[in-house]
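Hi,

Here is the two-chain model I promised to pass on. My notes on it follow below.

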Amino acid sequence: MRVLIVEDERKLAQIVESALQAEHYESVVAPTGEDGFFRANAEAFDLIILDLMLPGRSGLEILQTLRQRHIETPVLILTARDGVDDRVLGLDLGADDYLVKPFALPELMARIRALFRRGRPSDVLRLKAADLELDLVTRRVMRGDAQLDLTGREFELLEYLLRHQGHLVSREMLAREVWREPRRATPLDNVIDVQMTRLRKKVDADGVPRLIHTVRGVGFVLREGEP
Amino acid sequence: MSWWSTASIRVRLTGWYGVVLFLMMAIYATATFVAVRHEFLEQLDDQLHDDFEAAEGHLIAGADGRIVWSGERHHDPDSDEERGSDVWSVSGEPIYRSTASASLPPAAIAAATAGGRYESLVINRSRWRTLTGTSSVGGRAVVLRASRSEDRVRAQLWEILVVLVLGLPLVVALASLGGYTLARRALTPIDHLASEARRITADRLHERLSVPNPEDEIGRLATVINDTYARLESSFDQLRRFTADASHELRTPLSVIRGLGEMQLNRTRTPDEYKEAIGSMLEEVDRLTSLVDTLLRLSHGDAGTIRLSREALDVGQLVRDVASSLGILAEERQQTLKVDVREDVFVTTDRLVLREAFANVIDNAIKYSPKGSTIVASVRADGERAVVDIVDEGPGIAAEHRRRIFDRFFRLDEGRSRDRGGTGLGLAIAKWAVDVSGGQITVEGRPSGGSVFRIVLPAAAPAIRNPHRDREPQLKGEHV
């Protein structure tokens with residue numbers, strides 16, 4: 001998988017690059033709009049991460065030209081502009097996703113994975129991690145031999161963690177994907193924390209290896225062994 | 001016209017005053033003149049009538065059947081110049097002609113009647129008034145004419161006219177001068193007010209205009225301006241406080257991040273220590289991010305650039321949603337969170353914005369109520385309004401803080417609320433959300449302790465309300 005990062009802020013580009021490398025994606029950084037446009041035209045990429053405010057040529061211009069030339073590489077826009085109009089404009093011009101700065105790195109990675117997954121069937125009926133098993137059809141959750149009694153919200157939360165197992169999940173992601181709130185607010189953050197504590201009590205009862213881990217300042221991860 | 005519209009109020013006032021006064025005086029003078037003239041001419045006719053009767057007395061029928069003028073000569077030569085009497089027989093022969101009226105043409109004998117007829121004549125550019133009538137002396141009919149010169153009356157009338165026409169502009173000019181002086185005196189306090197107001201700038205907003213008499217017009221104006229200054233001052237204060245609070249809130253996480261980074265780099269540490277420090281830094285970044293997001297949203301709201309969707313929302317349902325979402329927080333604190341929907345009521349506004357208002361107020365109630373207490377959110381319709389009361393059993397809010405509780409960054413207890421993860425913006429966001437929905441949010445104390453946060457919203461058309469709901473009381477009720 002090859003990713004083109006069109007971003008003029010050097011530090012940010014490096015961070016994204018190393019995050020991609022950690023997940024074994026190959027990446028190329030284009031520091032200007034011109035360079036980005038040239039590379040996107042000339043080389044083949046599986047994904048383009050595009051900043052909107054670029055020197056030389058604006059991200060939206062690049063996106064528009066690419067789409068006019070029928071280059072259908074998925075594009076993820078990364079920008080500090082968070083107006084609804086900006087989002088709509090970007091998506092209308094053919095972007096596949098949109099992320100507002102400052103963003104959480106786990107969220108960027110989750111979105112990239114989602115873009116790569118797109119179009120592939122994902123009709124999984126059963127999610128597993130170590131001896132934890134979640135059945136999406138019967139909505140039964142087993143930890144070893146014991147059946148866990150989860151509320152509806154706990155079930156959705158665990159399902160989300162299992163679908164992203166091994167990857168960090170931020171509170172923003174949970175707010176949007178599990179609680180379906182478009183905005184993260186303080187009350188909801190507290191709700192997420194309490195809900196997570198309760199889920200963890202049920203899943204990681206005494207005496208079994210812990211699966212759900214809190215990563216301070218970032219979010220949560222479901223993973224065997226140490227986070 | 002441009003000169004007129006830029007002239008000072010006192011000049012324009014005087015101008016209008018002069019014009020109106022001139023018109024009124026002109027009408028008055030004309031009416032006076034017309035009345036006087038009518039009166040003078042009437043008098044003249046009366047005198048003629050007297051002359052006529054006197055002349056009748058002077059005629060005597062002689063023994064020979066002739067009629068003779070027996071009148072004595074008047075001793076007043078002036079008067080004789082101006083009046084005269086003439087007598088003719090019915091056949092037109094003159095019987096008597098006075099000297100004064102000698103120049104007048106003979107009367108029209110055939111037209112003379114018993115009642116007498118007044119006539120005006122102009123002879124040699126002098127005007128005469130005559131009364132011609134028939135009379136009988138000793139059984140013989142005669143035609144008698146009394147005449148008087150109009151010249152004296154005309155001269156008197158002319159004098160009156162001259163006085164009126166010349167006096168009018170003089171009176172108007174004098175009155176305008178007086179009007180100008182009065183206008184200037186009346187308007188001087190306004191000039192004074194203006195120079196005082198100019199003195200009060202943004203740095204001296206605590207100063208006020210002096211109000212010598214609050215009951216008069218100028219006093220009322222000054223009072224209104226002072227009220228405006230008071231509001232301006234409080235907005236400025238609020239802004240100043242906000243700026244100070246915002247920079248404090250933004251700088252605190254920044255200094256923590258900076259301090260942590262600097263401290264970690266001053267010597268080599270174990271991976272666990274680094275992890276701990278980085279996690280701590282990220283937490284501060286998180287706080288900063290959500291603070292900046294909230295502030296941006298509030299400022300978008302202030303600037304009116306936020307776009308809201310409008311849909312009919314079931315307030316009871318929305319409160320139930322929020323309560324079920326936040327219920328877990330109340331559970332953690334062994335609190336009971338009840339929802340009591342007494343009537344179904346709908347409002348038209350943005351769902352997310354209204355949810356945010358309810359969420360922040362309920363979250364606030366949960367946060368500051370003691371463990372094991374009860375929080376009740378009730379929804380009812382009150383005429384054209386939807387009323388949501390959120391009642392808690394917390395410590396309550398002192399009356400002097402109630403006005404500021406919705407201010408940005410206002411905290412009743414600095415340390416405590418920060419520990420509980422508050423940004424100090426929750427209620428400010430709630431107020432903003434209620435405001436943009438066209439409603440009001442207030443807080444009141446309860447006699448038994450605790451607070452009532454009341455959100456009042458304009459209800460949507462009653463037609464959308466569900467009419468069947470009242471017949472199904474089992475659907476109402478409590479959500480725990």
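In chain A, 31% of the 227 residues count as buried. Before you read too much into any of this, remember that the model is predicted. Chain A is built from eight helices and 12 strands. If you take its contacts between residues at least 6 apart in sequence, 54% of them join residues at least 24 apart.

Chain B has 480 residues, and 24% of them are buried. You'll find 11 helices and 15 strands there. With a separation of 6 or more, 66% of the contacts in chain B are between residues 24 or more positions apart.

Now for the helix pairs in chain B. Helix α2 (residues 9-58) of chain B packs on helix α4 (residues 151-199) of chain B at an angle of about 160 degrees, and their axes are 8 Å apart. An angle over 145 degrees counts as roughly antiparallel, so α2(B) is roughly antiparallel to α4(B). Their crossing is right-handed. Sorted by class, the contact of α2(B) with α4(B) comes to 25 nonpolar, six polar and three charged residues.

The other pair is helix α5 (residues 217-265) of chain B with helix α6 (residues 271-303) of chain B, again at an angle of about 160 degrees, with axes 10 Å apart. That angle makes α5(B) roughly antiparallel to α6(B) as well. Here the crossing of α5(B) and α6(B) is left-handed. On the α5(B) side, the residues making the contact include B:L250, B:V256, B:I257 and B:L260, while α6(B) brings in, among them, B:M281, B:V285, B:L288 and B:L291. The class count for α5(B) with α6(B) is 13 nonpolar, three polar and three charged residues.

On to the cores. The largest nonpolar core has 74 residues, and those with the most contacts inside it are A:L158 from chain A plus B:V315, B:V319, B:L326, B:A357, B:I362 and B:V388 from chain B. Helix α8 (residues 351-368) of chain B gives the most to this core, with 10 residues. Another core, of 28 residues, lies apart from the largest one and includes A:F37, A:L66, A:L76 and A:L78.

Where do the two chains meet? Their contact takes 14 residues from chain A and 23 residues from chain B. On the side of chain A that touches chain B, helix α8 (residues 186-203) of chain A gives the most, with six residues. By class, that side of chain A has eight nonpolar, four polar and two charged residues.

Is B:N360 buried or exposed? There are 26 other C-beta atoms within 10 Å of B:N360, so it is buried, the cut-off being 20 or more. Not counting residues up to four places away in sequence, B:N360 touches A:P187 across in chain A, along with B:G426, B:L427, B:I429 and B:A430. B:N360 and B:K431 are 71 residues apart in sequence, and their C-alpha atoms are 9.5 Å apart in space.

Cheers

Technical notes: Residues numbered from 1 in each chain as written. Chains lettered and ligands numbered in written order. Predicted model: local features only at pLDDT ≥ 70, side-chain atom pairs only at ≥ 80, totals over all residues. Axes fitted to C-alpha atoms, helices over the stretch in contact; angles between N-to-C directions. Helix = DSSP H or I, 4+ residues; strand = E, 2+ residues; numbered from the N terminus. Parallel < 35°, antiparallel > 145°, perpendicular 65-115°, else oblique. Left-handed = near helix turned anticlockwise from the far one by under 90°. Contact = placed C-beta atoms within 7 Å. Nonpolar A, V, L, I, M, F, W, Y, C, P; charged D, E, K, R; others polar. Core = buried A, V, L, I, M, F, W, Y, C linked by C-beta atoms within 7 Å. Buried ≥ 20, exposed ≤ 12 C-beta atoms within 10 Å, placed from the backbone.
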